[in-house]
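Subject: Structure handover

Hello,

Here is the structure I said I would pass on. Please open it beside this message and follow along as you read.

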Amino acid sequence: ILNEEILFMLLILFSNIPESACGELPAIPHMEVESQRNNYMHGESVTINCKEGYVAQFVRLTCDEGKWNDSETSLEKISILSHCAPPPKVANAVVVTSRQKEYTSGSEATYQCRDRYTIKGVATVTCINGTWGERNFTCTSNGNPCPNPPEVAHAVVDTSDQTEYTSGSKVTYQCRDQYTMEGVGRITCINGQWEEEKFTCKKCKCGKLPVIPNREATSQRNT
């Protein structure tokens with residue numbers, strides 16, 4: 001008898017719910033609701049609050065003739081991931097902020113210019129709802145670049161090939177076979193000009209013939 005009474009009460013309860021009611025809120029990923037009811041009537045609205053790092057495509061959900069919002073609305077798209085892709089590449093700069101698995105809205109990435117480049121502006125960009133904000137900095141060369149290193153008699157450049165020699169770049173030389181270096185075989189680019197070489201490559205001098213037991217030389221020189 002008790003079960004029949006409960007069933008009868010449930011029938012009365014649900015029979016009083018109009019067809020235009022929407023029932024509970026739909027399950028929406030990353031959405032937070034302050035209070036939840038079992039039933040919402042036609043015309044009632046609920047404000048959407050997303051978890052940190054997410055934004056809503058719609059501000060409110062509205063019960064409309066038994067359905068939430070327009071019947072063509074995809075509820076799966078109501079919450080949109082607002083994470084940004086990894087920080088964008090910037091010419092002559094590197095990201096110095098620790099790499100993150102996810103860059104949520106509000107995350108910042110800080111850059112640092114490479115050697116021989118100077119920063120102009122604020123080297124920080126911010127993730128704003130899935131998009132990195134405007135970049136307001138550049139990395140400029142410290143002075144004018146130099147042309148290719150000058151040729152030096154009986155020497156070759158020993159530094160790996162470079163596409164650009166910015167101010168402060170250094171190149172190293174080595175002497176060719178049968179030549180020996182006097183001085184320091186290195187020059188520096190200074191604001192568009194190579195400093196004067198302070199070395200030379202001179203022909204090797206062997207001096208007197210070595211003393212070899214039981215050998216005779218047909219002629220002998222000092223050098």
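Start with Thr140, which counts as partly exposed because its relative accessibility is 26%. Keep in mind throughout that the model is predicted. Thr140 sits in strand β13, which covers residues 137–141. In sequence, Thr140 and Thr118 are 22 residues apart, yet in space their C-alpha atoms are 5.3 Å apart. If neighbours within four places in sequence are set aside, Thr140 is in contact with Arg116, Tyr117, Thr118 and Lys120.

Is Thr166 buried or exposed? Its relative accessibility is 4%, and the limit for buried is under 20%, so Thr166 counts as buried. Thr166 belongs to the loop between β14 (155–157) and β15. With neighbours within four places in sequence again left out, Thr166 touches Arg116, Tyr117, Ser141, Pro145 and Cys189.

Next, the strands. Four of them make an open sheet in the order β8-β9-β11-β12, and the pairing is antiparallel. Which strands stand at the edges of this sheet? They are β8 (93–95) and β12 (131–132); each has a single partner strand, so one side of each is left without a neighbour in the sheet. Within the sheet, strand β9 (residues 108–113) and strand β11 (residues 124–128) run antiparallel and are joined by three bridges. To find one of the bridge positions, look at Glu108, whose partner in β11 is Thr126.

Strand β15 (residues 170–175) runs antiparallel to strand β17 (residues 186–190), and three bridges join the two. Here Lys170 stands opposite Thr188 of β17. Strand β17 is also joined to strand β18 (residues 193–194), by two bridges and again antiparallel. Ile190 has Gln193 of β18 as its bridge partner. β17 and β18 form a hairpin with two residues between the strands, and in this hairpin Asn191 takes a positive phi near 50 degrees.

The last topic is the disulfides. How many are there? The count comes to five. If you number the bonded cysteines of the protein in sequence order, they pair as 1-2, 3-5, 4-6, 7-9, 8-10. I describe some of them below.

Cys22 and Cys63 are joined by a disulfide with an S to S distance of 2.1 Å. This pair links distant parts of the chain, 41 residues apart: Cys22 is in the loop between α1 (2–15) and β1 (31–32), while Cys63 is in strand β5 (residues 60–64). The torsion about the S-S bond of Cys22 and Cys63 is about 95 degrees, so this disulfide is right-handed. Both Cys22 and Cys63 are buried.

Another disulfide is formed by Cys84 and Cys127, with sulfur atoms 2.2 Å apart. Cys84 lies in the loop between β7 (79–81) and β8, and Cys127 in strand β11, so the pair ties together parts that are 43 residues apart in sequence. For Cys84 and Cys127 the torsion about the S-S bond is about 95 degrees, so this disulfide is right-handed. Cys84 and Cys127 are both buried. Note that β11, where Cys127 lies, is one of the strands of the open sheet.

Cys175 and Cys201 also form a disulfide, and their sulfur atoms are 2.0 Å apart. Cys175 is in strand β15 and Cys201 in strand β19 (residues 199–203); the two cysteines are 26 residues apart, and the pair links distant parts of the chain. What is the handedness of the disulfide of Cys175 and Cys201? The torsion about the S-S bond is about -85 degrees, so the disulfide is left-handed. Cys175 counts as buried because its relative accessibility is 17%. Cys201 counts as buried too, at 8%.

Cys204 has a relative accessible area of 39%, so Cys204 is partly exposed.

Regards

Technical notes: Residues numbered from 1 in each chain as written. Predicted model: local features only at pLDDT ≥ 70, side-chain atom pairs only at ≥ 80, totals over all residues. Heavy atoms only, no water. Pairing = 2+ DSSP bridges. Helix = DSSP H or I, 4+ residues; strand = E, 2+ residues; numbered from the N terminus. Buried < 20%, exposed > 50% of the residue type's maximum accessible area, 1.4 Å probe, protein only. Contact = heavy atoms within 4.5 Å. Disulfide = S-S within 2.5 Å.
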